[in-house]
Amino acid sequence: VPKPIPGEGEVLLKVAVSALNRADLLQRQGQYHPPPGASSILGLEASGYVSELGPGCQGHWKIGDPAMALLPGGGQAQYVTVPEELLMSIPEGLTLHQAAAIPEVWLTSFQLLHLLGNVQAGETVLIHAGASAVGTAAIQLTRMAGAIPLVTAGSQNKLQMAEKLGAAAGFNYKEQDFCEATLKFTKGAGVNLILDCIGGSYWEKNVNCLALDGRWILYGLLGGEDVSGPLFSKLFYKRGSLITSRLRNRDKKYKQMLVKAFTEQILPHFSKEGPQRLLPVLDRVYPMAEIQAAHEYMQANRNVGKIVLELPQ
Ligand SMILES: NC(=O)c1ccc[n+]([C@@H]2O[C@H](COP(=O)([O-])OP(=O)(O)OC[C@H]3O[C@@H](n4cnc5c(N)ncnc54)[C@H](OP(=O)(O)O)[C@@H]3O)[C@@H](O)[C@H]2O)c1
């Protein structure tokens, strides 16, 4: 394809590293169309170097600056154009590989916990798929907020990783009832917040372990989309809130606000020494030429944290 040309207020990023997301798997299968105006090339995030400035850029960036970006698509290519406000500086001490693992899942977790979930210190947060890329970020941000992360995952190895990152307890959903375990942990009170990328198969357990006035945030449907049963009465009885979220199709203004808040409040913590230091969790690095193997690895639920992709230079 032709090299993209940066438009008004955009910069051209020469991509060094991108990362894989579940959305890429769905898009490949024809089940997830990019939002209007977005590139049809896969890739929701990238790190690399500023290579050109479009007209009207405000001078935040200069050619050669290392940067990382949240994208609606197009990141798995040698070049991608980005509105200058959606580029972020790479925190000191992080590699381009680590940086490429940040934008999509850390911005998502930050948004779910703070902007939508209004997480408070001392609250309990149940994070499903605790060793997923989003999960590994959400555990650390929950701890940073002074709240208590509980997780579910499908293997002992994944639960151990989640606990290493700060989970107070983890439940193997294949071997035990996470609802019962969560209620036991919270002495019957239930959890204040649920970050749920599973949906259908978990709905009843979720609502049963939600605390009074709890918030349940649905941001994925890995466990299906159908609900059969008294969801409304159970939610109503708890005065619960069910909130849904999709980041990719948010408008530019919202993403700008999110990137700014994240840059100010969270990014410095990737460089600060100490027990609260944030860590992008990388599972495997694939060269782009092995993209098929990368998709298969994610599809098989084998990754703990992110799968990153190296672009040919
Ligand atoms: N709405 C948004 O804005 C937004 C943004 C980013 C991501 N997402 C969504 O968030 C989800 C997680 O993304 P990610 O990149 O963190 O994924 P990921 O790293 O690939 O991890 C997903 C994990 O979910 C677990 N899982 C898969 N199917 C399951 C099922 N049916 N029941 C229970 N657990 C299941 C598997 O772990 P186990 O071995 O533990 O089962 C799998 O490894 C995806 O659905 C993605 O599309 C949404």
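**A working chat about burial, contacts and the ligand shell**

Visitor: Why does D213 count as partly exposed rather than buried or exposed?

Guide: D213 counts as partly exposed because its relative accessibility is 38%; buried means under 20% relative accessible area, exposed means over 50%, and partly exposed is in between, with a 1.4 Å probe and protein chains only. The model is a predicted one, in which local features need pLDDT of at least 70, side-chain atom pairs count only at pLDDT 80 or more, and totals for chains, interfaces and linings use all residues. Residues are numbered from 1 along each chain as its sequence is written, and side-chain values use heavy atoms, with hydrogens and water left out.

Visitor: Where is D213 found?

Guide: D213 is in strand β10, which covers residues 210-218; helices (H or I, at least four residues) and strands (E, at least two) are DSSP runs numbered from the N terminus. The phi of D213 is positive, about 65 degrees, although D213 is not a glycine. Most residues other than glycine have a negative phi.

Visitor: Okay, and what about the phi of N118?

Guide: N118 is not a glycine either, and its phi is positive at about 45 degrees. This residue follows α3 and lies in the loop between α3 and β6 (124-127). With a relative accessibility of 47%, N118 counts as partly exposed.

Visitor: How many residues of α3 are buried?

Guide: Helix α3 is mostly covered, with 11 of its 14 residues buried. Among them are P103, E104, W106 and Q111.

Visitor: Switching to the ligand, how many residues surround it, and which are the closest?

Guide: The ligand is surrounded by 23 residues, and the closest are V134, G154, K158, Y173 and S245; a residue is counted as near when one of its heavy atoms lies within 4 Å of the molecule. By class, this shell holds 12 nonpolar, seven polar and four charged residues. In that scheme, Ala, Val, Leu, Ile, Met, Phe, Trp, Tyr, Cys and Pro count as nonpolar, Asp, Glu, Lys and Arg as charged, and the others, Gly among them, as polar.

Visitor: Which atoms of N303 lie 2.9 Å from a ligand oxygen?

Guide: For N303, a polar side-chain atom lies 2.9 Å from an oxygen atom of the ligand. With V134, a backbone N or O atom is 2.8 Å from a ligand oxygen, and with G154, a polar backbone atom is 2.7 Å from an oxygen atom of the ligand. The protein covers 89% of the 920 Å² of accessible area that the ligand has on its own, the areas coming from the Shrake-Rupley method with a 1.4 Å probe; for residues, only the protein chains shown count as cover.

Visitor: What kind of space does the ligand take?

Guide: The space taken by the ligand is the largest pocket. On a 1 Å grid over the protein atoms alone, a pocket is an open set of points with protein on both sides within 12 Å along at least five of seven lines, whereas a cavity is a set of points where a 1.4 Å probe fits but cannot get out, and lining residues have an atom within 4 Å of a point. A molecule sits in such a space if more than half of its atoms lie within 2 Å of its grid points. The elements that give two or more residues to the shell around the ligand are α3 (103-116) and α4 (133-144).

Visitor: New topic: which side chain does H295 contact?

Guide: The side chain of H295 makes a polar contact, at 2.8 Å, with the side chain of R28. A polar contact is a pair of N or O atoms within 3.5 Å; within protein, one must be able to donate a hydrogen and the other to accept it, and residues adjacent in sequence count only if both atoms are side-chain atoms. H295 is in helix α10 (residues 291-299) and counts as buried because its relative accessibility is 5%.

Visitor: And K306, what does its side chain contact?

Guide: The side chain of K306 makes a polar contact with the side chain of E45 at 2.6 Å. K306 lies in strand β13 (residues 306-310), and its relative accessibility of 2% counts as buried.

Visitor: Last one: is E264 buried or exposed?

Guide: E264, in helix α9 (residues 252-265), counts as exposed because its relative accessibility is 52%. L258 also lies in helix α9, but L258 counts as buried at 0% relative accessibility.
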